[in-house]
Amino acid sequence: MILANYIVSFILIALGLLVLCTQKNLIKVVLGLGIMDYGVNLLIVSAGFNEGGTAPIYTLSELLSGVPSTFFVAPVPQALTLTSIVIGACVDAMALAIVIMIKKRYGTIDADEVRRLRG
Amino acid sequence: MNMIQHFPVLAVMTLFLGAFLIEILGRNQIVRNALAFAAVSISMVLLICLIRPVLLEGQVISYWMGGWKPVANYAIGIGYEVDALGLTFALLGITAYWLSCVYSFGYMKGKQHLGHYYTLFLMLAGASVGFFLTGDIFNMFIMMEIVTFSAVALTASNTEKTTAIEGAFKYLINCSIGSSMTLAGIALIYLNCHTLNLAQLATILPGNVNLTTLMAFALILIGFCVESAMIPFHASFVDAHTVAPSSVSMILSGMVLKLGVYGLIRISYIVFRAIDTSSLQILLTAFGTVTMFIGVTMALAQHDFKRLLAFHSVSQLGYIIAAAGLCTSLGLTGSLYHAINHTLFKGLLFLCAGAVIHATGTSDLDALGGLSKRMPKTCICFLIGAFSISGLPPFNGFVSKWMIYQAAYAKAVTTGNFYYAVVTVTALVVSVMTLASFVKVLHSVFFGQLKKEHESVHEAPGIMLFPMYIMSALCVLTGIFYKAFSTVFIGPAVFAAFNNTTYIDSMMGEGYAELFGVPALAIDKLEFSYWNPFVWFVLFVIVFAAACVVIFSSTGTRGRTLKSGGSYDSVYGTGDLSVDFMGRTYETGDPEEKYAVFFSGEKAEYSHAGGSDLFWGFKYNWHKYYQFLQGLHSGSVNDYSAYAVICIAVICMFMFLFMR
């Protein structure tokens, strides 16, 4: 059911934001970021879904005749989702690398103690 | 199909190619610098070649990646589309990158891992220019993400500050919230319109409001508000600008924030055309007004040179967004003019801060003083930048700020809404406070007494002074030749924002815009009568001279209380003693509770407000306000996320209540 996808995707985004606001451990903060990304990815891939559609790949006969014999789901959102997954993975990797550096320099990964810049 | 069509995409590709080549060949310093300089210069030349067709002849250049042109009126491929609005921002961007690149040769000399520095620098440049030139909304998101990555890595690369890594982390989290919101908005747009091309969206979306597109608009607007450091989102940007290397701070503060401004103008003027609804105008101007006021009052309380400049950036961005939200041609002209000016003068000020840090090794205002004798050239450049940002004639800040006051007041008159009069008055007051804040910086960094440990400092090397001279010259030139400048650069950009028929036709084929009946916003003619800088210059010189006399004579007697056994002749700027308004002194480390509000900046290096603080009385009277605000700037990444979430909820609710 496609409606469930939309509801769940916004629940995931909200959960991610909740984690960002409440969790003091910086690793968990990065995980919250990841959850938010997955919610958005689910939203995009659902946007391209057609009821009863197949993968958007032409067979040779379809290609020669130029008319698809089957019904496709939209290919563009899938490409967007792949891009977005790659970007999300990069964000998480980079954020985790920075958390390691914070641990080295500050000796803690508690958000309440990592706040020398303020005021 | 002529040659010029390939220039936009080549300008972006040169920068990315340069980034990869430096990573491969950049072991040697000469090769590395030559590659970086060549990439930025070639890209700049390519963009300058576009001035004649786009800005002077009014063409719109379109380019389809891989030749994937629209089929059956549906855009499938990724297109680059250069109109006057995008090109003005791109030219501004590449100028800033060119100057910052030259400055880096001097400033970053002798640092570790410079190959990676220039790789990231060129990726940042390529992504920013690509963001301004692209005609695809998903591509805009990708460019935004590349900008975030490179900016975060460049911020974290400052090995001299232990806090750099913390600033980078907050910046990453904050920007990721913004870009996730943008991406969700883009998904909703695709769901509704089945296209991602900006030109085609501009034919479908205006006047076609349903709940999905409204939600999409709200989310994308939030994304760009985050990118342009509007008030609840600004805190982590300020942190990152403070700790980044100065050559990068200049780019982050002067250029990267403009991505959000460009995105807001592009989305609200061209793609959704929602700017002519009065509720959106009120939302944007309210955002801008609150931002400019809080930004400047926070800046007054800062004791770190770069942190103070970063808060001023937030304040100036408030001007730009508020003026863009007025939806009059004068307002948008003022907004774009101020956006360009802000890059010039804020870049200049950050470069001056960099020169001071390069010479003395500190950016703490209380530890500096009297540098005008040792660094006269930096001091002159800083004066020009400070006068520009404060809006003194004949510098450029005066022209754009004057346009903004006038546009806001004209809006108040035409709509009869008292609210816009409040905006005008706030803008004027904020400008005065900006000047006050820079008088304080001048007083504590360049004038006053030279510190013993800084007696041997030298002027910055020539390669660092050169970009500062160019920026100072540009600040003066854009202030004096305002008419020519706004006719060539700003006028076409404003026209492109209000009238998008050419934009759509050039991308989707002739007559496409007419086919869908795209409405054009009404555009009124500009008048250049009221802001002749020279007339005001005479007045301001008199007023400023009078103000200087009052300020510098009064500080001679204020708080001159010497603690017995103190090793300083005067307590100005020592930071060791805390002097209250009545002249009593307190031991360091045992401050009275009511003075705790004056601590600011980095906790590791905080200091009391010393006798050098010119605005002691003002801050004392406002201490409740400052206590509240500095409590909000708690430095915790959770708190900053919470403000962002609250603001997201408020904007979405506002949209659903007032814009349906």
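This is a predicted model: local features need pLDDT of at least 70, side-chain atom pairs count only at pLDDT 80 or more; totals for chains, interfaces and linings use all residues.

Visitor: What makes up the secondary structure of chain B?

Guide: Chain B has 25 helices and four strands. Helices (H or I, at least four residues) and strands (E, at least two) are DSSP runs, numbered from the N terminus.

Visitor: Why is α4(A) called roughly parallel to α6(B)?

Guide: Helix α4 (residues 75-106) of chain A and helix α6 (residues 137-156) of chain B pack at about 10°, with axes 12 Å apart. Axes are lines fitted to C-alpha atoms, for helices over the stretch in contact, and angles run from 0 to 180 degrees between N-to-C directions. Angles under 35 degrees count as roughly parallel, over 145 as roughly antiparallel, 65 to 115 as roughly perpendicular and the rest as oblique. The angle of about 10° therefore makes α4(A) roughly parallel to α6(B).

Visitor: Which residues of α4(A) and α6(B) meet?

Guide: On α4(A) they include A:L80, A:I87 and A:M94, and on α6(B) they include B:F138, B:E145 and B:F149. Contact means that the C-beta atoms of two residues, placed from the backbone, lie within 7 Å. By class, this contact has ten nonpolar, one polar and one charged residues. Ala, Val, Leu, Ile, Met, Phe, Trp, Tyr, Cys and Pro count as nonpolar, Asp, Glu, Lys and Arg as charged, and the others, Gly among them, as polar.

Visitor: How many residues does each chain bring to the contact between chains A and B?

Guide: Chain A brings 35 residues and chain B brings 41. The largest share of the side of chain A, 13 residues, comes from α4(A). That side of chain A divides into 24 nonpolar, four polar and seven charged residues.

Visitor: Why is α9(B) called roughly antiparallel to α11(B)?

Guide: Helix α9 (residues 211-227) and helix α11 (residues 246-271) of chain B pack at about 155°, their axes 7 Å apart. That angle is over 145, so α9(B) is roughly antiparallel to α11(B). Among the residues that meet are B:F224 in α9(B) and B:G263 in α11(B). This contact has seven nonpolar, two polar and one charged residues.

Visitor: What makes β1(B) and β2(B) a pair?

Guide: Four bridges join strand β1 (residues 61-64) of chain B to β2(B), and the strands run antiparallel. Two strands pair if DSSP finds at least two bridges between them, so four are enough. B:I61 stands opposite B:V82 in β2(B).

Visitor: How do you know whether B:Y405 is buried or exposed?

Guide: A residue is buried if 20 or more other C-beta atoms lie within 10 Å of its own, exposed if 12 or fewer, and partly exposed in between, with C-beta atoms placed from the backbone. B:Y405 has 21 within 10 Å, so B:Y405 is buried. This tyrosine lies in helix α16 (residues 396-415) of chain B. Leaving aside neighbours within four places in sequence, B:Y405 is in contact with B:T424, B:A427 and B:L428.

Visitor: What share of chain B counts as buried?

Guide: Of its 660 residues, 58% count as buried.

Key: Residues are numbered from 1 along each chain as its sequence is written. Chains are lettered from A and ligands numbered from 1 in the order in which they are written.
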